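Subject: Handover of a model

Hello,

Here is the structure I said I would pass on.

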Amino acid sequence: MEKPLKLYYHPLSTYSQKTLFALHEKGVSFTPEIVDLMNPEGRAAYVKVYPMGKIPLLTLEDGWAIPESSIIIEYLDTHFDSGTRLIPEDKDLARRCRFHDRQFDLYVNEPFTKIFFDGFRPEAERDAKGVAQAKERLDLMYTYFDKLLAGKTWVLGETFSMADCAAAPCLGYLRSAYPYTAYANLEAYWGRLAERPAFKKVLAEAEPHIARLMSRTASTPSNPA
Ligand SMILES: N[C@@H](CCC(=O)N[C@@H](CS)C(=O)NCC(=O)O)C(=O)O
């Protein structure tokens with residue numbers, strides 16, 4: 001039987017992984033709808049569903065569509081009491097959760113995306129300046145989060161939250177794209193994220209797609225680090 005929630009996503013997309021992590025943490029079931037934006041036909045079909053062409057997108061039985069990973073997670077946390085609470089009830093903790101969610105999306109995930117996709121471009125079309133700026137931003141954020149995470153289990157301390165769902169996908173890819181091994185607290189934090197059963201599920205779904213992507217690409221992205 002069709003489940004009332006449908007998620008349009010791709011297992012390799014960081015923002016999709018963030019949302020999947022949240023869905024698994026909450027134990028919310030959904031109908032998966034994989035969108036391949038790299039395939040022109042897949043993209044053309046998807047923009048009919050969501051003209052912005054961004055994934056993830058959650059659609060509800062009553063016809064509402066919810067884009068934006070953080071907004072989807074807000075929706076899930078408001079409407080489902082099951083599993084992990086992802087936005088704390090305490091208003092100050094909730095504000096810090098949303099702030100760090102923004103930090104990971106805008107200043108870690110976006111620079112990662114810049115570095116990653118630049119690696120797929122032909123040499124002549126690469127944006128060395130843009131990549132250098134992305135690395136500078138990441139250096140700043142690695143320093144910031146390494147300090148913040150000292151003595152903490154999760155970004156908010158002992159409380160796991162949406163901010164950790166935002167952190168895991170980009171930190172996972174950055175381990176090879178722009179390593180942070182020199183930042184011991186951040187490195188240890190990644191280790192804890194990778195052990196969460198809900199994120200293990202996300203990684204297991206991504207694995208065959210990573211293998212397929214690598215075999216499909218004539219030149220794999222050079223390690224931008
Ligand atoms: N702010 C959005 C970002 C979504 C986003 O950029 N998703 C990427 C995949 S990870 C995408 O759809 N890229 C395709 C495009 O920009 O055309 C969110 O949090 O959901």
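This is a predicted model: local features need pLDDT of at least 70, side-chain atom pairs count only at pLDDT 80 or more; totals for chains, interfaces and linings use all residues.

Residues are numbered from 1 along each chain as its sequence is written.

Nonpolar here covers Ala, Val, Leu, Ile, Met, Phe, Trp, Tyr, Cys and Pro; charged covers Asp, Glu, Lys and Arg; the others, Gly among them, are polar. Helices (H or I, at least four residues) and strands (E, at least two) are DSSP runs, numbered from the N terminus.

Two residues of the shell deserve a look at the backbone. Most residues other than glycine have a negative phi, and most peptide bonds are trans. Ile55 and Pro56 are joined by a cis peptide bond, with omega about 10°; Pro56 sits in the loop between α2 (40-49) and β3. Glu68, in the loop between β4 and α3, is not a glycine, yet has a positive phi of about 75°.

Helix packing

The axes of α1 and α3 are 9 Å apart, at an angle of about 10°, which makes α1 roughly parallel to α3. Axes are lines fitted to C-alpha atoms, for helices over the stretch in contact, and angles run from 0 to 180 degrees between N-to-C directions. Angles under 35 degrees count as roughly parallel, over 145 as roughly antiparallel, 65 to 115 as roughly perpendicular and the rest as oblique. On the α1 side, Tyr15, Lys18, Thr19, Ala22, Leu23 and Lys26 meet Ser69, Ile72, Ile73 and Leu76 of α3. Contact means C-beta atoms, placed from the backbone, within 7 Å. Six nonpolar, two polar and two charged residues make up this contact of α1 with α3.

α1 also packs on α8 (residues 197-216), at about 135° and with the axes 8 Å apart; that makes α1 oblique to α8. Here Gln17, Leu20, Phe21, His24 and Glu25 of α1 meet Ala198, Phe199, Lys201, Val202 and Ala206 of α8.

Sheet

Four strands form an open, mixed sheet in the order β2-β1-β3-β4, where pairing requires at least two DSSP bridges between two strands. β2 (31-34) and β4 (65-67) are the edge strands, each with a single partner, so one side of each has no neighbour in the sheet. On average, neighbouring strands are turned by 20° against each other, direction ignored. β3 (residues 57-59) pairs with β4 in the antiparallel sense over three bridges, and Thr59 has Ala65 in β4 as its bridge partner. α3 lies across β3 and β4, at about 125° to β4.

Regards

Note on methods:
Two residues are in contact if their C-beta atoms, placed from the backbone, lie within 7 Å.
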